[in-house]
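Look at the sequence and the 3D structure below before reading on. The report then goes through them part by part.

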There are 2 protein chains.
Amino acid sequence: MVLVRQEIGDVLRDFRLQKGRTLRQVAGEASVALGYLSEVERGQKEASSEILAAVADALDTPLSVIMGEVSDRLAIVEGLSVPLGSHVPDTVPADLVSGYRPELLARG
Amino acid sequence: MVLVRQEIGDVLRDFRLQKGRTLRQVAGEASVALGYLSEVERGQKEASSEILAAVADALDTPLSVIMGEVSDRLAIVEGLSVPLGSHVPDTVPADLVSGYRPELLARG
């Protein structure tokens, strides 16, 4: 089962690290207990809408941007989207190469 | 304060209505109490990630699509985006029409 809180936690942590902020700094600014924010980031606790708004504010990041990133990551987990770079196939499908027969070219 | 649960509730209700489903049908399929789902739709209760996944499944709508719509609506509320159609002004700015003086045309 795909869990939204897992993606929300990952996104909040990534935005925090991207801004070079510590868990203590963000928790302090958002007036959230450090242990609670840590559990939210690890996807172990659901963040209430009020906590989400306070943390987004402390990260200077609009909620729409956070939820947009959550949506993008959910799409990858749900197989509806592929991460950047992954559209290059590791192997070429067999039916794409079946018409290529070098031995015939050599004979011609 | 912008509350995510308000947008989630609106989006869940809109997707449900768009599919012509009743609250009772979706609650039944998602194994959620009808009163609880109703409160979630009205933005009065936070939906846990498990409930969100079950309701999304009952609506045959990926969570990424639901959260993407939530993100879009949050952007409008946050003033980062404008709803479709809203870029057409209701009134024409005065300085755009000040040069148009029909009485001069009639005289000429």
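## Overall make-up of chain A

The model is predicted. Chain A contains 7 helices and 0 strands.

Chain A has 108 residues, and 29% of them count as buried. Among the contacts in chain A with a separation of 6 or more, 60% come from residues 24 or more positions apart.

## How the two chains are related

Two copies of a chain are related by a rotation about an axis and a shift along it.

## The interface

In the contact between the chains, 22 residues of chain A meet 22 residues of chain B. On the side of chain A that touches chain B, α1, α4 (49–58) and α5 of chain A each supply at least two residues. The largest share, 8 residues, comes from α5(A). By type, the residues on this side of chain A are 13 nonpolar, 5 polar and 4 charged.

Of the interface residues of chain A, 100% are also interface residues in chain B, so the copies meet through the same surface.

## The nonpolar core

In soluble globular proteins, nonpolar side chains tend to be buried together. The largest nonpolar core in this model has 42 residues. The members that touch the most other members are A:V55, A:M67, A:V70, B:V55, B:M67 and B:V70.

A:V70 can be followed in more detail. Leaving out residues up to four places away in sequence, A:V70 touches A:V4, A:E7, A:I8 and A:V11, and also B:M67 of chain B.

## Helix α5 of chain B

Helix α5 of chain B covers residues 63–77, which is 15 residues. At 1.5 Å a residue, the helix should span 21 Å, and its end C-alpha atoms are 21 Å apart, so the two values agree.

The buried residues of α5(B) are B:L63, B:S64, B:I66, B:M67, B:E69, B:V70, B:S71, B:R73 and B:L74. What do the buried residues of α5(B) pack against? In chain A the partners are α1 (4–18) and α5 (63–77), and in chain B they are α1 (4–18) and α4 (49–58). Just after α5(B), B:G79 has a positive phi of about 75 degrees.

B:G28 lies in helix α2 (residues 23–30) of chain B. B:G28 has 13 C-beta neighbours inside 10 Å, so B:G28 counts as partly exposed. B:G28 and B:A54 are 26 residues apart along the chain, and their C-alpha atoms are separated by 10 Å.

In helix α3 (residues 34–41) of chain B, the buried residues are B:L37, B:V40 and B:E41. They cover an arc of only 100 degrees around the axis, which means they are on the same side of α3(B). The cover over the buried residues of α3(B) includes α1, α2 and α4 of chain B. Just after α3(B), B:G43 takes a positive phi of about 75 degrees.

How values were computed. Residues are numbered from 1 along each chain as its sequence is written. Chains are lettered from A and ligands numbered from 1 in the order in which they are written. This is a predicted model: local features need pLDDT of at least 70, side-chain atom pairs count only at pLDDT 80 or more; totals for chains, interfaces and linings use all residues. Helices (H or I, at least four residues) and strands (E, at least two) are DSSP runs, numbered from the N terminus. The expected span of a helix is 1.5 Å times one less than its number of residues. A residue is buried if 20 or more other C-beta atoms lie within 10 Å of its own, exposed if 12 or fewer, and partly exposed in between; C-beta atoms are placed from the backbone. Two residues are in contact if their C-beta atoms, placed from the backbone, lie within 7 Å. Ala, Val, Leu, Ile, Met, Phe, Trp, Tyr, Cys and Pro count as nonpolar, Asp, Glu, Lys and Arg as charged, and the others, Gly among them, as polar. A nonpolar core is a set of buried Ala, Val, Leu, Ile, Met, Phe, Trp, Tyr and Cys residues joined through C-beta atoms within 7 Å. The arc is that of the directions from the helix axis to the C-beta atoms.
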